[in-house]
Every structure is written in structure tokens, then in C-alpha cells.
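Subject: Structure for your review

Dear colleague,

Please find the structure below. My notes on what was found in it follow directly after.

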Amino acid sequence: MLEIEAPPQLVLTIDVLAVIVFAVSGALVASRKSLDVVGFMWLAVLTGVGGGTVRDLLLDVPVFWMVAPHHIIACLVTAVVVHFTAHLVESRYRLLLWFDALGLALVTVAGTAKGLDNGTGALVAVAMGVVTGTVGGIVRDLIGNEPSVILRREIYVTASGLGACTYVVLAELALPALVSGAAGVLVTFAVRGLAITCNWSMPAYRRRPGRTLKEIEDLRK
């Protein structure tokens, strides 16, 4: 089984940046729903730490924001700032999509790196990256009554998975952690960004008529 360690400092740095960026996306949803400042804080915190919380529970390690509460503080400060500045943005939904894309890229690498740092194999580390990258957005959309990112046909989880795989492969090749992390972020953000810009989507399932009774009988002959 492939086991790689990621420098804890890299994980912490990306984690903090990711929490702030995702908190912005949560606060922007609150602005679209015309919530009060408490609503901004609530959505910012849920979005900022939601994916990382599930990741840490799955890894059976202390939940990161309970060990280092500055993540929660960062979410709260971000929420207040967005509360007083969101009206300056012409298209908050468009900005939401791009902040979500950047947050997805950062938390994907952070989750993958933390998986590796805790001795998981490559496949589990990739799964931790995808979980960290997508759960926060899912919770944000459910609470904010927005179309869920996981149910839209846009490329989302795929972008996270590709970024996580990029990080793991480059780490296995013994590239510097900063290079591996930057490449993972770039791949995730680029794929998600192109999906937003070019309306890329994965092929969807198409309903087909079921077999008739005669066709079933013919198959049995």
C-alpha cells in the first residue's frame, strides 16, 4: 500500500486558507438570501469547516477546529466582512461560483495531504480530499436552499478527484510538497473553472424504454 507523508505545516496553511475561501462562499449565499449577520456567520462556519469535520471524523483524529479554534474565528470574521461588503458585488452568484471553485481546490489538497499525513494509502487519501472538498459546499447549498453542487450536471467532484490524484502522484514522485500542493490546487481549480466558463458537464444517464413482454420472451428462447 502506498503511504506518503505530507508536511503538517503545509496541511495547516492550506487548511486555513481553504476555510476562509469557503467561508466567503457560505457568506455569499447568506447575502443572496438576505439573512442577518448571525445567518452569515452560521453559513460561513458550516461551509468553512463542514468538509474538514467529516474528514477528521472518518480519519478518527481530533477535529481540526476543536484543536485550533482560529479556524472558527476566521470564519466568523470573514462572515462579518462579507456582510458589510457583499452589496458592492454586481453578481454575487457568479462570485460565489468562483470562490467555491477556489475553495474546492484548496480543501481538496488539504484533505488529501492530511490523509497522507495520517498514514492512509493513496486511494483513501484521494477519498479524503474529495470528501473535504465537496461536503462543505453540499451543506451550504442544503442549508441555503440553493441547487446542490453535487446534483448539478456540472463537473465538480471530478475536478476534486483529479486534483487529489495529482497531489498523490507528485508526492509519490518525491517532488517538494509545495510543488505537489500547488499542482493539485491548479488542476482542481482549472478543471472546475473551465467547467464554469465552458459549461462542461459529464454525460448524463438517458432514460430508455424498457423491454416489451415479447422482447423478454424472445430472450428466453
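Aspartate 56 and arginine 55 form a salt bridge, with their closest N and O atoms 3.0 Å apart; the term denotes a side-chain nitrogen of Lys or Arg within 4 Å of a carboxyl oxygen of Asp or Glu. Aspartate 56 is buried at 0% relative accessible area, and arginine 55 is likewise buried at 0% (buried is under 20%, exposed over 50%, partly exposed in between, with a 1.4 Å probe and protein chains only).

This is a predicted model: local features need pLDDT of at least 70, side-chain atom pairs count only at pLDDT 80 or more, and totals for chains, interfaces and linings use all residues. Residues are numbered from 1 along each chain as its sequence is written, and side-chain values use heavy atoms, with hydrogens and water left out.

The count comes to 6 salt bridges. One of them joins glutamate 146 to lysine 33 at 3.7 Å, N to O. Glutamate 146 lies in the loop between α6 and α7 and lysine 33 in the loop between α1 and α2, so the pair ties together parts 113 residues apart in sequence (helices are DSSP runs of H or I, at least four residues, numbered from the N terminus). Glutamate 146 is buried at 10%, whereas lysine 33 is partly exposed at 34%. Arg32, Lys33 and Glu146 are linked in a salt-bridge network.

Arginine 140 also forms a salt bridge with aspartate 100, at 2.8 Å between the closest N and O atoms. This pair links helix α6, which holds arginine 140, to helix α5, which holds aspartate 100.

Yours sincerely

Terms used. Helix = DSSP H or I, 4+ residues; strand = E, 2+ residues; numbered from the N terminus.
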